[in-house]
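Student: I have a structure open and would like to learn how to read its features. Could we begin with charged side chains?

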Amino acid sequence: MKAGLRINEKMSAMYMAFSIVFSLMAVLDIIGNTFVILVILRNQSMKTPVNYLLVNLAVADILVGIFFGIQFIITPTLNHPAGRAGDLLCKLITGGVPGWVGAVTSVFSLIAIAIERYFAVMYPYSQRGKLTKTKIIFFVAVSWFLAFLWAGVGFFITVYNSELQSCVHSWPKDIYANIYTVGWTVVAGVMPLGIMGCLYARVVYRLWFTDQENEATQRALLRHRRRVTKLVIAVTVVYAFCWVPELIIYFLGFTGVIKLRAIHFNIASALVFFNSTVNPAVYSLQSTVFRRHFWNLVCCRKMQNKVNPTLERDSISIARKRTNRASTKVSFLQRREANNAQ
């Protein structure tokens, strides 16, 4: 009897510790990512292709904050219904499935950002690499579709277990659970890290280790691209540090090296939750522009000067105009020489 009380006390203490941590992260997640969305949508200078993808990432992170908060803070205290009503509640709300859809969407959003940076740096003057509104909508739609396709499995396998008094996964066969666990390692770990690693390696080499034009406009454009690239790489590094341990925990459980318990699941979920929470802080630390707009939003101030379209678009436009002027000047000189010859 005393041993049982000690176990209950330990479980209660663990729940209290995790509930405090998850509550803090939920608040910071929702507020921070809401600020990111407002900063980008309220300021004309922030409405760039890569920032629109960051809006998609922020929406996905807010979804993680809401439903992870419900799953780990509210659900354990609820008098949860059983039966079909309990199963339906687990699938849609208390089981945290929409939160995992948001988490996977954030992974695919990071891949989309890496692709955008690659084409913006490697093919700056090509229409093929230009991220139009149609392409942005396509990237956003695909990221959510693939996330629902993968993490949406939880809508079918999540049920309420009356004995455990919690939402659990119920697979028809154990082999399906094993395959899904290995699949997570590929979908959320090996594949995105491999793609982003290859793309960013080429981008970094191009921006920092190749000779660039010394014209003032080109130097300013180079500085801008380096700042944006450092920002998105920092977000990717944080993602890797948060997701890789989570995937390792589940993979070790799958291989039998460790026996998965509630503490492992809580730690793994906390890492994913932390990833969604910390992104706004990364933007502020890496970008003075984000930091300034964040501060203006907190202080309810508006920028005094309306900012023109982004440096990258202006610089490319200027370069094209100079090329056109040069070609026009050459044509004029050729015609004048031909007239003199006659």
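Tutor: This is a predicted model. Take R117 to begin with: its relative accessibility is 2%, so R117 counts as buried, the cut-off being under 20%.

Student: Which residue does the side chain of R117 meet in a salt bridge?

Tutor: Side chains of opposite charge can pair when their charged atoms come close. Here the partner is E116, with 2.9 Å from N to O. E116 has 8% relative accessibility and therefore is buried.

Student: How many salt bridges does the structure hold?

Tutor: The count is one.

Student: Next, the largest pocket. How much space lies in it?

Tutor: The space comes to about 1700 Å³. The lining has 44 residues, and Q71, S166, C167, V168 and F265 are the closest to the centre. Elements that give two or more residues to the lining include α1 (2-42), α2 (49-74), α7 (174-208) and the strands β1 (158-161) and β2 (166-169).

Student: What is the lining made of by class?

Tutor: There are 25 nonpolar residues, 17 polar and two charged in the lining of the largest pocket.

Student: Where is confidence lowest, and where is it highest?

Tutor: The average pLDDT for the protein is 82, and 82% of the residues score at least 70. Helix α11 (residues 311-341) has the lowest mean, 46, whereas helix α6 (residues 154-157) has the highest, 95. For residues 1-10, pLDDT stays under 50, and the model has zero contacts beyond four places in sequence.

Conventions
Residues are numbered from 1 along each chain as its sequence is written. This is a predicted model: local features need pLDDT of at least 70, side-chain atom pairs count only at pLDDT 80 or more; totals for chains, interfaces and linings use all residues. Side-chain values use heavy atoms; hydrogens and water are left out. On a 1 Å grid over the protein atoms alone, a cavity is a set of points where a 1.4 Å probe fits but cannot get out, and a pocket is an open set with protein on both sides within 12 Å along at least five of seven lines; lining residues have an atom within 4 Å of a point. Grid points are joined across faces, edges and corners, and a volume is the space filled by probe spheres set on the points. Helices (H or I, at least four residues) and strands (E, at least two) are DSSP runs, numbered from the N terminus. Ala, Val, Leu, Ile, Met, Phe, Trp, Tyr, Cys and Pro count as nonpolar, Asp, Glu, Lys and Arg as charged, and the others, Gly among them, as polar. pLDDT is the predictor's confidence in each residue, from 0 to 100. Contact means heavy atoms within 4.5 Å. A salt bridge is a side-chain nitrogen of Lys or Arg within 4 Å of a carboxyl oxygen of Asp or Glu. Buried means under 20% relative accessible area, exposed over 50%, partly exposed in between (1.4 Å probe, protein chains only).
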